[in-house]
Amino acid sequence: MTRKDFRLKMLLGLGRTAQVFLAEGGGLEVALKLPRKEVRQDPLLRERFAREVGLSLSLRHPHLVRGLWGQPYGEDAFLALEYCPQTLEARLQEGRLSFEEAKQVLLSVGKALLFLHERGFLHQDIKPANVFLKDGVYRLGDLGTLRPVGEKGGEAAGSPHYMAPELFKGEDPSPFSDAYSFGVVAYEILVGKRPFRGETYEALLEAHLHCPPPFTPLPPALDRGLKRLLAKNPRERGSIGDFLELLEDQPPKKEAPKPKRRWFF
C-alpha cells in the first residue's frame, strides 16, 4: 500500500508532526497520519516521524494500536493505523467508569506499557487522549513519543497534567516516570478526577512537586498501591507490574440491588 492508495474522508486531528485523517484503503477504514510540511524540512522531526512508522509496524501487542502500512521517508511518507473510533478521554466525558471497566482499562494499558519497557522503550505521553477504544478493547497508541530506555538528553515529551515530578525538574525520563503517569491516569479513572490540578503550568508544577495525592475511597491495599505509583521520589515509586497484581486481586464489585417495584391498586 502507498499513500496514494488511500481516500481521505475527514480530518481527525492535528499533532506536532502529523495530520491525522480518517481514510479508506485496502478495504479498511484507517487512521492515516501524514507528516506536516515543517516535518519534511526539519531533520529531527523527520527522523521522529520515521521512527514512529518503524516502531508502529514492528511492535505487536494486543493492547497497542496496530500499525498497518507505512513509508517512513520522502514526499509520500505516511503511517496507516487501525482506526479506533473513541478515546478514553472521550469515554470519561460520558461519565465515570464502573470499577470493572476501569480495571479493564488499567490492565490493558499497564500490560502494553510493560511490553514496551521489556522491548527497551519508554512511552513518555501516557494520558486518556492516547488510549483508544475499539470493539470493547482498550489500546495504547501514539508511539511518536517512544524513546529508548536509558537515553540521555534530547527532547522530553508529555502532558503537564500527567508528568512525573522529576521531569518538571529537567531530569531524564525512565520507566519510573512512565509509572507515575500511569498512576495519574489510574487515579483519574478509579476516583473520577485527576489527583493534581492547576490552571497554569506553574500551578501544575507546584502540585506535582509538592502536593500529596488526595484521599481516595478505594480499598486500603489498592489505595496504598496507587499512592506508591504517585511517590514524588522515583526511587520510592511502585512499579506498574506490582499495581496490576493488586488490581487483579480485587474482587468484582457487586452492583447495588435494584429496588423492588411496588404495585398499588
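The side chain of His123 reaches the backbone nitrogen of Asp125 at 3.1 Å. This is a predicted model, in which local features need pLDDT of at least 70, side-chain atom pairs count only at pLDDT 80 or more, and totals for chains, interfaces and linings use all residues. Residues are numbered from 1 along each chain as its sequence is written, and side-chain values use heavy atoms, with hydrogens and water left out.

**His123**

- His123 sits in the loop between β7 (121-122) and β8 (131-134). Strands (E, at least two residues) are DSSP runs, numbered from the N terminus.
- A polar atom of the His123 side chain lies 3.2 Å from the backbone oxygen of Asp142. A polar contact is a pair of N or O atoms within 3.5 Å; within protein, one must be able to donate a hydrogen and the other to accept it, and residues adjacent in sequence count only if both atoms are side-chain atoms.
- His123 is buried, at a relative accessible area of 0%. Buried means under 20%, exposed over 50%, and partly exposed in between (1.4 Å probe, protein chains only).
- Leaving out residues up to four places away in sequence, His123 touches residues including Leu113, Asn130, Leu140 and Asp178. Contact means heavy atoms within 4.5 Å.

**The five-stranded sheet**

- An open sheet of 5 strands runs in the order β1-β2-β3-β5-β4, with antiparallel pairing. Two strands pair if DSSP finds at least two bridges between them.
- β1 (7-14) and β4 (67-71) stand at the edges with a single partner strand each, so one side of each has no neighbour in the sheet.
- β1 pairs with β2 (residues 18-25) over 6 bridges. Leu8 has Ala23, in β2, as its bridge partner.

**Aromatic pairs**

- The structure holds 5 aromatic pairs. Rings of Phe, Tyr and Trp (its six-membered ring) pair if their centres lie within 6.5 Å; planes under 30 degrees apart count as stacked, over 60 as edge-to-face and the rest as tilted.
- Phe6 and Trp69 have ring centres 5.9 Å apart and planes at 55 degrees, so the pair is tilted.
- Phe6 lies in the segment before β1 and Trp69 in strand β4, so their pair ties together parts 63 residues apart in sequence.
- Phe6 and Phe78 also form a tilted pair, with centres 5.6 Å apart and planes at 55 degrees.
- Phe78 lies in strand β5 (residues 78-82), so its pair with Phe6 ties together parts 72 residues apart in sequence.
- Phe6 is buried at 9%, Phe78 is buried at 0%, and Trp69 is partly exposed at 24%.
- Ring pairs link Phe6, Trp69 and Phe78 into a cluster.

Technical notes. Helix = DSSP H or I, 4+ residues; strand = E, 2+ residues; numbered from the N terminus.
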